[in-house]
Each structure stands twice: as C-alpha cells, then as structure tokens.
Amino acid sequence: MNGKKAVKCDSCGVAMHFAQKVPFRIMGQDGLAVWVFGGVAQLKERTLSFDIYLCPKCGRIEMFADDVSRRFLLKMTPGTFFKRCVKCGREIPMASEECPHCEATQKRS
Ligand SMILES: [Zn+2]
Ligand SMILES: [Zn+2]
C-alpha cells in the first residue's frame, strides 16, 4: 500500500490521475469550522491533508482524506460540524441560521 488508490471518474469512467496532496487548515471561529487551503498551522488549528485526484478527460476533481485526516474527521463528526437546534434540539449544520426541521432562528454564540 502506497496510499494511492485506483479512482475512476464518475462521469467518464476513465482512471483519474493522482494530482497532489493538499494541506487544509481547520480553524474554530465563532462556533464555525473554517476550512482554508494550505498555509501554516497556527495554535489551535489542525492541519489535515487530502489527496487530490484529477480526471484527465473532463477535469473532474475528487478529494480523499488521508488516514490521519480521516480518523480526525470521524472523531470530530458530528460534534464539530453540527450543532443542536435551540428549539427542537435536532442536529443541524453548524452554519445554519435557521433550523431545517422547525425553522427556529439560531442564536450566534
Ligand atoms: Zn471525467
Ligand atoms: Zn429545530
């Protein structure tokens, strides 16, 4: 295992090429998880890296988390990307301003 996988394009079915590893930063800010391409990690930030695959035919890009990133993402989901609705208590996306279930307006904390 060298970490590269055989990936086929969903649209054209041709083998996608491994393009590059891209670092991503995750910053917690006002209760929002902010994803930033590249850069140097600062305090309280996590740097994850993703493998980018490119279809030579249609240009479609697929992104895969590497082992470390995958474990990290599994561990923090849903806690980091979801919050609970202030009214009905269901899990809703962190960035939601309105609950998709009961339409309650969410307070920004
Ligand atoms: Zn394609
Ligand atoms: Zn709700």
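**Figure 1. Contacts and confidence across the predicted protein chain.** Among contacts between residues at least 6 apart in sequence, 38% join residues at least 24 apart. The model shown here and in the following views is predicted. The mean pLDDT of the protein chain is 77, and 70% of its residues reach 70 or more. Buried residues account for 5% of the 109 residues in the protein chain.

**Figure 2. Order of secondary structure elements along the protein chain.** One helix and six strands are present. Along the sequence they follow the pattern β-β-β-β-α-β-β. Mean pLDDT among the elements is lowest, at 55, in strand β2 (residues 32–37) and highest, at 89, in strand β4 (residues 61–65).

**Figure 3. Close-up of Cys9 and the residues in contact with Cys9.** Cys9 belongs to the segment before β1. This residue counts as partly exposed because it has 19 C-beta neighbours inside 10 Å, whereas a buried residue would need 20 or more. Leaving aside residues up to four places away in sequence, Cys9 touches Val14, Met16, Cys55, Lys57, Cys58 and Arg60. One of these contacts is with Lys57; the two residues are 48 residues apart along the chain, and their C-alpha atoms are separated by 8.9 Å.

Figure 4. Lys5 is located in the segment before β1 (17–29). With 11 C-beta neighbours inside 10 Å, Lys5 is classed as exposed, since that class holds residues with 12 or fewer. Lys5 and Phe18 are 13 residues apart along the chain. Between their C-alpha atoms the separation is 8.4 Å.

Figure 5. Glu91 is part of strand β6 (residues 91–93). His101 is ten residues from Glu91 in sequence. In space, the pair is 9.5 Å apart, C-alpha to C-alpha.

Figure 6. Glu103 is situated in the segment after β6. Although this residue is not a glycine, its phi is positive, at about 65 degrees. Most residues other than glycine have a negative phi. Glu103 counts as exposed because it has 10 C-beta neighbours inside 10 Å.

Conventions. Residues are numbered from 1 along each chain as its sequence is written. Chains are lettered from A and ligands numbered from 1 in the order in which they are written. This is a predicted model: local features need pLDDT of at least 70, side-chain atom pairs count only at pLDDT 80 or more; totals for chains, interfaces and linings use all residues. Helices (H or I, at least four residues) and strands (E, at least two) are DSSP runs, numbered from the N terminus. Two residues are in contact if their C-beta atoms, placed from the backbone, lie within 7 Å. pLDDT is the predictor's confidence in each residue, from 0 to 100.
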